[in-house]
Amino acid sequence: AAAGAAAGAASSAPGAAPGAAPGGATGGAGGVFDITTYGAKPDADISAALTNAWKEACASTTPSKVLIPKGSYLLTGVNIKGPCKSSIELQVEGTLKAPVEPKGEGWLFVEYVDFLTISGTGVFDGNGKAGWEKNDCHKSKICTKLPMSLKLNFITNSIVKDITSLDSKNYHINLLGCKNVTIQHVTITAPENSPNTDGVHISSSEGINILDTKIATGDDCISVGDTNKQIVISDVTCGPGHGISIGSLGKYSKEKEVVGVTVKKCKLINTSNGVRIKTWPDAAVTFPATDMHFEDIEMTNVSNPVIIDQEYCPWNQCNRKVPSSIKISKVSFKNIRGTSATPIAVKLVCSKSVPCEDVEVADIDLTYSGSQGPIKSQCANVKPTITGKQNPPICAEVAPADAPSTD
């Protein structure tokens, strides 16, 4: 329903103004605000032109569109804000190139907009290679955070569609405090060795849909963080990357519950993880993570296809001896098939202090063709309901204590 509402809002509003006015239209008239009429030129910085075009379009009392036409443009970084007086579209047909030297939290930072469409066949080129070697945030709590490519804060009833995000310095797309937002038919690309380049990261949001999207990156293809409700991920192809993850949860004290995540009809190819839920031991806070479902997932040479990891502690940044206090419940893994790159294809490691409850595993059919022994499944602190095909046999072994975390 949320996807339909977002798509409906988008289709009925941005870009719908007939008889578009020329760029620079004022006096509350809607229409097309082309950045080239605000002084934008190819291979020059268009930050000021984009900011000025946005301000006028946002002030329009009828639907408006900011157009970045075909061509290659530099963008040092902009923060464009609402609320706007009507629906608004940012149509990107050209290639936007980020500067080598990173600055700020976000490269294109959009906040407080209702009925926003970001569209077009254009490319957001984050020029990430220049920043990745400086990025050690995956190893250290104290680090210099590089800018995310597309940072959306407090966006509602909106859609992002058809664009390409290339080589982001940090997360490609970040949603914070958003409601009823759809990301559809988007392409996200970065090399396997690019750190912290999550494809889409979601936090403190509700009614988010990620549909028909292709993600190849160096971190999680999609990461569902804390304080989220009703997230749907469908028809996503992921790889390379670290898989589709809920978490990590429990690292920071202001985090709140995660309720209602559905991941379905997705393909994972050559990823280091498949579908997983991860929480920190020694958690800073206690809250539930519940109603999470993974169904109709196809794995191709995935290293850890199915995981619950409540001992997630990369680079030993926590006290492993204190069990996680995040309560996981109402979880299902159904119809998951394909090939595992490692012999441990299913690993459900829950907390000793708050074991997982109401976990269902049905119709798992995974094969392993490597030389490290037969395919198997390991579990701890969970007693799942098991139905249908079991390949490997589910929870046939007890997971060893203090096993190293995956990335």
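What you see is a predicted model, in which local features need pLDDT of at least 70 and side-chain atom pairs count only at pLDDT 80 or more, while totals for chains, interfaces and linings use all residues. Residues are numbered from 1 along each chain as its sequence is written, and side-chain values use heavy atoms, with hydrogens and water left out.

The protein chain has 3 helices and 30 strands, where helices (H or I, at least four residues) and strands (E, at least two) are DSSP runs numbered from the N terminus. Of the 407 residues in the chain, 54% are buried; here buried means under 20% relative accessible area, exposed means over 50%, and partly exposed is in between, with a 1.4 Å probe and protein chains only. If we take the contacts with a separation of 6 or more, residues 24 or more positions apart account for 76% of them, a contact being heavy atoms within 4.5 Å.

Let me turn to helix α2, which covers residues 47–58. Its 12 residues reach 16 Å from the first C-alpha to the last, close to the 16 Å expected at 1.5 Å a residue, the expected span being 1.5 Å times one less than the number of residues. Which residues of α2 are buried? They are Ser 47, Ala 49, Leu 50, Ala 53, Trp 54, Ala 57 and Cys 58. Viewed down the axis of α2, these buried residues fall within an arc of 160°, and so they line one face of the helix; the arc is that of the directions from the helix axis to the C-beta atoms. Ala 48 and Lys 55, on the other side of α2, are exposed. As for what the buried residues of α2 pack against, the partners are the strands β1 (31–34), β2 (64–68), β4 (78–81), β5 (88–92), β7 (106–111) and β8 (116–119).

Now to the charged pairs. Side chains of opposite charge can pair when their charged atoms come close. The structure holds 10 salt bridges, each defined as a side-chain nitrogen of Lys or Arg within 4 Å of a carboxyl oxygen of Asp or Glu.

One of them joins the side chains of Lys 81 and Glu 111, at 3.7 Å from N to O. Because Lys 81 lies in strand β4 and Glu 111 in strand β7, this pair ties together parts that are 30 residues apart in sequence. Lys 81 is partly exposed, at 44% relative accessibility, whereas Glu 111 is buried at 8%.

Another salt bridge is formed by Asp 220 and Lys 278, whose closest N and O atoms are 3.3 Å apart. Asp 220 sits in the loop between β17 (206–216) and β18 (222–224), and Lys 278 in strand β22 (residues 275–279), so that the pair links distant parts of the chain, 58 residues apart. Are these two partners buried or exposed? Asp 220 is buried at 2% relative accessibility, and Lys 278 is buried at 4%.

Arg 276 is also found in strand β22, and it is buried, with a relative accessible area of 1%. Salt bridges that share partners join Asp 220, Arg 276 and Lys 278 into one network. The side chain of Arg 276 additionally makes a polar contact of 2.7 Å with that of Ser 245; by polar contact I mean a pair of N or O atoms within 3.5 Å, where, within protein, one must be able to donate a hydrogen and the other to accept it, and where residues adjacent in sequence count only if both atoms are side-chain atoms.

His 242 lies in the loop between β19 (229–238) and β20 (244–249) and is buried, at 13% relative accessibility. Its side chain reaches the backbone oxygen of Gly 218 at 3.2 Å.

Ser 369, by contrast, is exposed at 75% relative accessibility, and lies in the loop between β27 (357–368) and β28 (376–380). Ser 369 and Pro 343 are 26 residues apart in sequence, and their C-alpha atoms are 8.5 Å apart in space.
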